[in-house]
Amino acid sequence: MKIIQQVLSGLMVLMLAVSGLAQTSATAELRGVVKDPNGAVVAGASVTLHDEEKNTNRTVQTNGAGEYLMLSVPPGSYTMNVTAKGFAKLVARNVRLTVGQAAEYPITLQLETAQTEITVTGEPLLVETTKTSESTTIGEQRIDNLPINGRNYVNFSLTNSQLQRDVAPSIGAAPTSGLNIGGQRARSNAVNVDGMDAVDNSVNGIRSTISQEGVQEFQIITNGYEAEYGRASGGVVNIITKSGTNGFHGSAF
C-alpha cells in the first residue's frame, strides 16, 4: 500500500508539472493599474474579462496599489468590465490577447454622473514591458486568408524575414519543423501544441500535428525566450488549437 501511495503521489506531481507548463506556454497574462481622473490609484475595483464566444467570465480585484493581474488567460478576444464604487462602469471591447503575451492595460475610471457607463469601442493598445523575447504571432485571419500550397500552416512563419525554409532532407517518417531560425537547423526548434511538447526526442522530429482548420493562432519566438522553453537552440513555435464556442459552425475543403 505504501508503494502504491508513493507511485500515485509521483504521478500527481508529474501531472501538476505538465499542467504548469501548458498554462505557461499556451496562455497569456493581463495586468495593469486602475486610477481615478486625478491619477490616484483605485483599490478594490472589480475587473472582469468576458469571453463572448464561450460566455465565460474571469474576475479579479485590484490590490491596495490599484493593480490587477490575470494569469493563464486563454488567447482570444474579450470584453473588459471595470467597476468601482463612486465611478462610472468602464466597458472596453475587443481586448485581444495572443499566445505568450504578457500585456499591460492601464485603466482610468471617470466619476459617476448621469452617464453610468463608458464604453471603449476601439481595440485598446496593449503594451509589453516585462518580455525580453522577440516573437511574431500569426493570427487566425492570416491563416484563413493567405494563400498556401499544401495547407501546412507552419509555412506562414516564413512571413518573418528572420526565418528560412529548411532544405535538408527528412529522415524517414520523422519530418522536421521545416524552418531554419537564427541559422540553426530545423531539428533545433521546439514545437508546442497547446503547451504540450510536440517534438520526438529521439530524432528531434515533429510528431503528427493538427489540420490547418483546427489552428487558432501560433507564435514564433526567434530569440530571447525564457527558460521555460528549454531544449531549443533555434526557435520556439507555439501552436494554439481552436476550442468550442456557443455557435454551431463548420467548413469543408
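Of the 253 residues in the protein, 39% are buried (under 20% relative accessible area, with exposed meaning over 50% and partly exposed in between, for a 1.4 Å probe and protein chains only). This is a predicted model, in which local features need pLDDT of at least 70, side-chain atom pairs count only at pLDDT 80 or more, and totals for chains, interfaces and linings use all residues. Residues are numbered from 1 along each chain as its sequence is written, and side-chain values use heavy atoms, leaving out hydrogens and water.

**Overall picture**

- The protein has two helices and 18 strands (DSSP runs numbered from the N terminus: H or I of at least four residues for helices, E of at least two for strands).
- Taking contacts (heavy atoms within 4.5 Å) between residues at least 6 apart in sequence, 61% join residues at least 24 apart.

- Strand β2 (residues 46–51) is largely enclosed by the rest of the structure, because six of its six residues are buried.
- Ser 46, Thr 48 and His 50 point one way from β2, while Val 47, Leu 49 and Asp 51 point the other way.
- On one pairing (at least two DSSP bridges between two strands), β2 runs antiparallel to strand β3 (residues 56–61), with six bridges joining them.
- β2 and β3 form a hairpin with four residues between them, and Asn 55 in the turn has a positive phi of about 60°.
- β2 also runs antiparallel to strand β5 (residues 76–83), again through six bridges.
- Follow Asp 51 across these pairings: Thr 56 stands opposite in β3, and Tyr 78 is the bridge partner in β5.

**Salt bridges**

- The whole structure holds four salt bridges (a side-chain nitrogen of Lys or Arg within 4 Å of a carboxyl oxygen of Asp or Glu).
- Asp 51 forms one of them with Lys 54, their closest N and O atoms being 3.5 Å apart; Asp 51 is buried at 6% relative accessible area, whereas Lys 54 is partly exposed at 28%.
- Arg 96 forms a salt bridge with Glu 217, with the closest N and O atoms 2.7 Å apart.
- Arg 96 lies in strand β6 (residues 89–97) and Glu 217 in strand β17 (residues 215–223), so this pair ties together parts that are 121 residues apart in sequence.
- Glu 217 is buried at 0% relative accessibility, while Arg 96 is partly exposed at 29%.
- Glu 29 and Arg 31 meet through their side chains at 2.6 Å, N to O, and Arg 31 is partly exposed at 30% relative accessibility.
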